[in-house]
Amino acid sequence: MSRIRDNELQIDKIKCGRFDNNAYLLKNITTNEGIIIDAPEEPENILAQVGDTQVVAILITHNHMDHLAGLEELRLSTQAPVWIHSADSAVISPPAEQQISGGESIRIGQLEIHSIFTPGHTPGSTSYMVNSHLFTGDTLFPGGPGHSTSPENLATIIRSLEEKIFPLSDEVHIYP
């Protein structure tokens with residue numbers, strides 16, 4: 001686990017599961033409210049960091065099982081609503097409480113987390129941005145775009161990167 005603080009925002013990066021997936025706990029240290037980004041295997045690693053934080057939502061970047069394997073336990077333990085893009089929502093059972101299309105925001109205290117539709121890795125891949133921190137799921141891997149399953153999907157993910165990620169300020173920190 002690694003931790004970053006940016007004013008009232010605390011970001012915990014939590015490694016989980018056999019695929020060494022990243023999950024993130026974003027916490028407003030003033031209000032003790034938090035957001036979980038992705039739900040990989042070993043949700044107990046995430047819950048250990050949550051502690052007494054009031055989790056107000058679980059944000060899913062895309063619908064692959066390596067990002068969803070711990071969702072049921074996280075839902076039961078936190079009672080937090082799940083957000084996922086509508087194009088990726090069919091695999092969530094019970095259904096996600098919030099099906100998004102990109103452009104929606106959620107607040108934890110004065111911090112606002114924005115959803116950014118970045119398709120290509122999956123039809124509903126979504127990145128999330130708070131302050132100067134961007135959480136890309138598998139839209140962007142360290143070293144390049146995430147895996148795509150066809151030439152059309154590769155073109156889509158490259159377009160997502162060119163139109164949504166590359167125009168961001170050089171001051172933005174990216175968390176794949």
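## Exercises on a predicted model

The protein chain contains three helices and 14 strands. The model is a predicted one, and the values in the solutions are computed from it.

**Exercise 1. Determine whether the radius of gyration of the protein chain agrees with that of a compact globule.**

Step 1. For 176 residues, a compact globule would have a radius of gyration near 16 Å.

Step 2. The protein chain has 15 Å, and therefore agrees with the globule value.

Step 3. For the extent along the principal axes, the C-alpha atoms fill a box of roughly 45 × 35 × 30 Å.

Step 4. Burial is considered next: 51% of the 176 residues count as buried. The accessible surface amounts to about 8200 Å², and carbon and sulfur atoms hold 50% of it.

Step 5. Among contacts with a separation of 6 or more, 48% join residues 24 or more positions apart.

**Exercise 2. Describe the largest pocket by its volume, its central residues and the classes of its lining.**

Step 1. The volume of the largest pocket is about 250 Å³.

Step 2. Its lining consists of 13 residues, of which Leu71, Glu72, Arg75, Ser93 and Pro94 are the closest to the centre.

Step 3. Sorted by class, the lining comprises nine nonpolar, two polar and two charged residues.

Step 4. Proline 94 belongs to the loop between strand E6 (82-85) and strand E7 (98-100).

**Exercise 3. Describe the second largest pocket, and state which strand supplies the largest share of its lining.**

Step 1. This pocket has a volume of about 210 Å³.

Step 2. It is lined by 17 residues, and those closest to its centre are Asn21, Asn22, Gly137, Asp138 and Pro176.

Step 3. Strand E3 (residues 21-28) supplies the largest share of the lining, with three residues.

Step 4. The class division is eight nonpolar, four polar and five charged residues.

**Exercise 4. Is glycine 137 buried or exposed, and with which residues beyond its sequence neighbours is it in contact?**

Step 1. Glycine 137 is located in the loop between strand E11 (133-135) and strand E12 (140-141).

Step 2. Its relative accessible area is 6%, and residues under 20% count as buried; glycine 137 is therefore buried.

Step 3. With neighbours within four places in sequence set aside, glycine 137 is in contact with Asp38, Thr61, Tyr175 and Pro176. Pro176 is also among the residues closest to the centre of the second largest pocket, as is Gly137.

**Exercise 5. Locate glutamate 42 and glutamine 79, and classify the exposure of glutamate 42 and of glutamine 79.**

Step 1. Glutamate 42 has phi near 60°, a positive value in a residue other than glycine. Glutamine 79, likewise not a glycine, has a positive phi of about 60°.

Step 2. Glutamate 42 is placed in the loop between strand E4 (33-37) and helix H1 (43-50). Glutamine 79 is placed in the loop between helix H2 (71-78) and E6.

Step 3. The relative accessibility of glutamate 42 is 35%, so this residue counts as partly exposed. Glutamine 79 counts as exposed because its relative accessibility is 62%.

Terms used. Residues are numbered from 1 along each chain as its sequence is written. This is a predicted model: local features need pLDDT of at least 70, side-chain atom pairs count only at pLDDT 80 or more; totals for chains, interfaces and linings use all residues. Side-chain values use heavy atoms; hydrogens and water are left out. On a 1 Å grid over the protein atoms alone, a cavity is a set of points where a 1.4 Å probe fits but cannot get out, and a pocket is an open set with protein on both sides within 12 Å along at least five of seven lines; lining residues have an atom within 4 Å of a point. Grid points are joined across faces, edges and corners, and a volume is the space filled by probe spheres set on the points. Ala, Val, Leu, Ile, Met, Phe, Trp, Tyr, Cys and Pro count as nonpolar, Asp, Glu, Lys and Arg as charged, and the others, Gly among them, as polar. Helices (H or I, at least four residues) and strands (E, at least two) are DSSP runs, numbered from the N terminus. Buried means under 20% relative accessible area, exposed over 50%, partly exposed in between (1.4 Å probe, protein chains only). The radius of gyration is taken over C-alpha atoms; the globule rule is 2.2 Å times the number of residues to the power 0.38. Contact means heavy atoms within 4.5 Å. Accessible areas come from the Shrake-Rupley method with a 1.4 Å probe; for residues, only the protein chains shown count as cover.
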